[in-house]
Amino acid sequence: MKRKEIFALFKYFTIRKTLNFFKLYSSFLISKTLKSSHISGMPLALSIEPTTACNLGCPECPSGLKKFTRKTGNLTTSLNKKIIDELKHNLSYINYYFQGEPYINPNFFEFISYANSKKIFCSTSTNGHFLNDSNCEKTIKSGLKRLIISVDGNDQKTYEEYRKNGEYEKVIKGTINILKWKKKLNSQFPHVIFQFLVVKTNEHLVNEMKELTASLGVDELRIKTAQFYNFKNGNKLMPENEKYNRYVKTKSGEYKLKNKMFNHCWRMWSSAVITVNGELVPCCFDKDANYKMGNIKETSFEKVWRSKEYNAFRNQILLDRSQIEICKNCSEGTKVWA
């Protein structure tokens, strides 16, 4: 986080939220030491999924490829309100993104406005195809604090190698548009980030992307390594530069994750993910919601958060994380920052 984002986040902090953090972190340390799950406090952060629909067809994205087993749908304003009303006293951060393109949901700005009114820092990630004048104005007025725009090339040819069905010029025009509206409305937010997903076809463009970011006046460039679902035998999109590859080739010729897998994960105590249908899943790596802990349409968030099922999952993390499917491709510790 940059300085202005940190100031904005801490501006929303209260004594209760601070105490909640210490409750969570102490229970995490106790659980880690005893190898037995104990949870005290409510999550600091959430990812809430506005939609599972997307206008692109990126090759490693289940949403773009329409490979979900779950149905395409949109989050409702009533569900968003229920989540926030239950958690507003402890929740500090919401990322309105999981799968899909958030701007497709017609109620997207209402979600952010409501969360912002309850002193919650809001972020989202977009492919940048919907940043017209109306949406840019609404984005800024909603109180969104961080906007991540995915840009994986510096012309149509390099961009569409990964962002299938995408229009590079539309993304650039949308970026210029959001920056124009920030200036017009005299707003320092949202903090605009270009996210550059490095694959083999664009890894030579890192320096050019830094120059593009600076020339447009975008606040930050984030360089991200790519996740591949079938990585053991390699993937044609894997970058050759090891710095930008999540995986490393072993002596056997197979690939494995670079980072060491520890039998603990702070995310299981600090945050959670809620799908468009109200399903509570433990992590953003569970893209098809295979590890459902419960549904908050049917019960309270706290009941699911403290449930036997959720604690059993945390216990699995503490005892042998390598046996959990969604953990086998976890990128924690492998992100590269420009």
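## Salt bridges within helices

Helix α5 (residues 133–142) holds both Lys141 and Glu137, which stand four residues apart, about one turn of the helix; helices (H or I, at least four residues) and strands (E, at least two) are DSSP runs, numbered from the N terminus. The two residues form a salt bridge in which the closest N and O atoms are 2.8 Å apart. A salt bridge here is a side-chain nitrogen of Lys or Arg within 4 Å of a carboxyl oxygen of Asp or Glu. Lys141 is exposed, with a relative accessible area of 56%, whereas Glu137 is partly exposed at 25%. Buried means under 20% relative accessible area, exposed over 50%, and partly exposed in between (1.4 Å probe, protein chains only).

Helix α3 (residues 77–87) contains Glu86 and Lys82, four residues apart, about one turn of the helix. Between Glu86 and Lys82 there is a salt bridge with its closest N and O atoms 2.6 Å apart. Glu86 is partly exposed, with a relative accessible area of 34%, and Lys82 is partly exposed at 27%.

## Basis of the model

This is a predicted model, in which local features need pLDDT of at least 70 and side-chain atom pairs count only at pLDDT 80 or more, while totals for chains, interfaces and linings use all residues. Residues are numbered from 1 along each chain as its sequence is written, and side-chain values use heavy atoms, with hydrogens and water left out.

## Other salt bridges

The count of salt bridges comes to 12. Among them is the one between Glu302 and Arg306, whose closest N and O atoms are 3.0 Å apart. Glu302 is partly exposed at 39% relative accessibility, and Arg306 is partly exposed with a relative accessible area of 33%. Lys4, Lys182 and Asp219 are linked in a network of salt bridges.

## Aromatic rings

The count of aromatic pairs comes to 19. Rings of Phe, Tyr and Trp (its six-membered ring) pair if their centres lie within 6.5 Å; planes under 30 degrees apart count as stacked, over 60 as edge-to-face and the rest as tilted. Tyr93 and Phe121 form a stacked pair, 5.6 Å centre to centre with 15 degrees between the planes. This pair links distant parts of the chain, as Tyr93 is in strand β2 (residues 93–95) and Phe121 in strand β3 (residues 121–126), 28 residues apart. Tyr93 counts as buried at 18% relative accessibility, and Phe121 is buried at 0%.

One aromatic cluster is formed by Phe21, Phe22, Tyr25, Phe28, Trp266 and Trp269. Arg314 lies over the face of Trp269, at 5.9 Å from the ring centre. The charged end of Arg314 also sits over the ring of Trp305, 4.6 Å from its centre. For such a contact, NZ of Lys or CZ of Arg must be within 6 Å of the ring centre and within 35 degrees of the ring normal.

## The cavity

A search of the whole structure finds one cavity of 30 Å³ or more. On a 1 Å grid over the protein atoms alone, a cavity is a set of points where a 1.4 Å probe fits but cannot get out, and lining residues have an atom within 4 Å of a point. The largest cavity holds about 70 Å³ of space, a volume being the space filled by probe spheres set on the points, which are joined across faces, edges and corners.

Of the 12 residues that line the largest cavity, the closest to its centre are Cys265, Met268, Cys283, Arg321 and Cys327. The elements giving two or more residues to this lining are α9 (267–270) and α11 (308–320).

Key:
On a 1 Å grid over the protein atoms alone, a cavity is a set of points where a 1.4 Å probe fits but cannot get out, and a pocket is an open set with protein on both sides within 12 Å along at least five of seven lines; lining residues have an atom within 4 Å of a point.
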